Amino acid sequence: MMAPRRPIHAVSTWVKRQPPKVKAFLAVVTGMTVLVLLRAIVHDHDNLFVAAEAVHAIGISVLIYKLTKEKTCAGISLKSQELTALFLAVRLYCSFVMEYDIHTLLDLATLATTLWVIFMIRFKLESSYMEDKDNCSVYYVVIPCAALALLIHPSTSHHLINRIFWAFCVYLEAVSVLPQLRVMQNTQIVEPFTAHYVFALGVARFLSCAHWILQVLDSNGHLLVALGHGLWPSMVLISEVVQTFILADFCYYYVKSVFGGQLVLRLPSGVV
């Protein structure tokens, strides 16, 4: 007699068998359901943005633990860390000259820890760095973001260069994880600490996206007008959604692996 399958395993198996359109529909429905729950549970939606920063900090902490305790940076993309440092540095500059607040201090702390991770990979643990797997060209990431920022940026009263920088960091943040996903695509096997870090990024991106969507809903769309006119308000929301969907597939397999009791995450071919 066959033992009954776990509900999580049964659901994941059923989802895996569905065509891409059905999977996309289920992902949208799940996301909308979570948004409705967050709107009902979290009364001050600004807390979602703080929560996103906190989850990102937890992810960085996991990465620091891996580097200090295991003395290896295998599976970590140096290029993703450098892109993260770049958009954080630009966002900090924009915060200082445009809208200094508590998030500026959070970004400063995140930038400091990210720079430490970069230092460890480049100078202390370079022998374990998988340079051949970290083969996503940063030019294919940075140049399109810079070009898009020149074309579509805020229409506020700030100096033009500051508005372009602001747009650049928004676009770059949305795709900064691509080199990390490329490393995992090349290896197909993700060790626990790296998997925890990338999953934390996925959760942080979703919370940030939820924050923006719920803020727009709460203001009846007035927030979009406050961000300026033209294509910029829409691009802000699109960037948030892109960040979430880039990591959605990985997060699905991460959750499936955790509930399946697997310590090492093995990604099917074609994922991420």
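The model is predicted, so local features need pLDDT of at least 70 and side-chain atom pairs count only at pLDDT 80 or more, while totals for chains, interfaces and linings use all residues. Residues are numbered from 1 along each chain as its sequence is written, and side-chain values use heavy atoms, with hydrogens and water left out.

**Overall fold**

- The protein has eleven helices and two strands; these are DSSP runs numbered from the N terminus, with helices being H or I of at least four residues and strands E of at least two.
- Along the sequence, the elements follow the pattern α-α-α-α-α-α-α-α-β-α-α-α-β.
- Of the 272 residues, 43% count as buried (under 20% relative accessible area, with exposed being over 50% and partly exposed in between, using a 1.4 Å probe and protein chains only).
- Looking at contacts (heavy atoms within 4.5 Å) between residues at least 6 apart in sequence, 76% join residues at least 24 apart.

**Annotated transmembrane regions**

- An unreviewed UniProt entry places the feature "transmembrane region" at residues 24–42, 104–125, 137–154, 160–181, 193–214 and 234–255; the positions are in the numbering used here, feature names are shortened, and annotations may be inferred rather than shown by experiment.
- In the model, residues 104–125 are 95% helix and 0% strand, with 30 Å between the end C-alpha atoms.
- Residues 234–255 are 100% helix and 0% strand, and their end C-alpha atoms lie 31 Å apart.

**Helix α7 and its partners**

- Helix α6 (residues 139–151) and helix α7 (residues 160–175) have axes that come within 8 Å and cross at roughly 140°; axes are lines fitted to C-alpha atoms, for helices over the stretch in contact, and angles run from 0 to 180 degrees between N-to-C directions.
- The pair α6 and α7 is therefore oblique (under 35 degrees counts as roughly parallel, over 145 as roughly antiparallel, 65 to 115 as roughly perpendicular, and the rest as oblique).
- α6 passes α7 in a right-handed crossing; a crossing is right-handed if the near helix is turned clockwise from the far one by less than a right angle, and left-handed if anticlockwise.
- Residues making the contact of α6 with α7 include Val141, Cys145 and Leu148 of α6, and Ile164, Phe168 and Tyr171 of α7.
- By class, that contact has 13 nonpolar, no polar and no charged residues (Ala, Val, Leu, Ile, Met, Phe, Trp, Tyr, Cys and Pro count as nonpolar, Asp, Glu, Lys and Arg as charged, and the others, Gly among them, as polar).
- α4 and α7 have axes that come within 9 Å and cross at roughly 145°, and α4 passes α7 in a left-handed crossing.
- Among the residues of this second contact are Phe87, Arg91 and Tyr93 of α4, with Asn162, Trp166 and Glu173 of α7.
- The contact of α4 with α7 divides into 13 nonpolar residues, one polar and two charged.

- Arginine 163 sits in helix α7 and is buried, with a relative accessible area of 14%.
- Arginine 163 touches His153, Pro154, Ser155, Thr156 and His158, leaving aside residues up to four places away in sequence.
- Threonine 114 belongs to helix α5 (residues 102–124) and counts as buried because its relative accessibility is 0%.
- With residues up to four places away not counted, threonine 114 touches Ile60, Gln81, Thr84, Ala85 and Leu88.
- Lysine 71 is in the loop between α3 (46–70) and α4 (78–98), and at 56% relative accessibility it counts as exposed.
- Although lysine 71 is not a glycine, it has a positive phi of about 55°.
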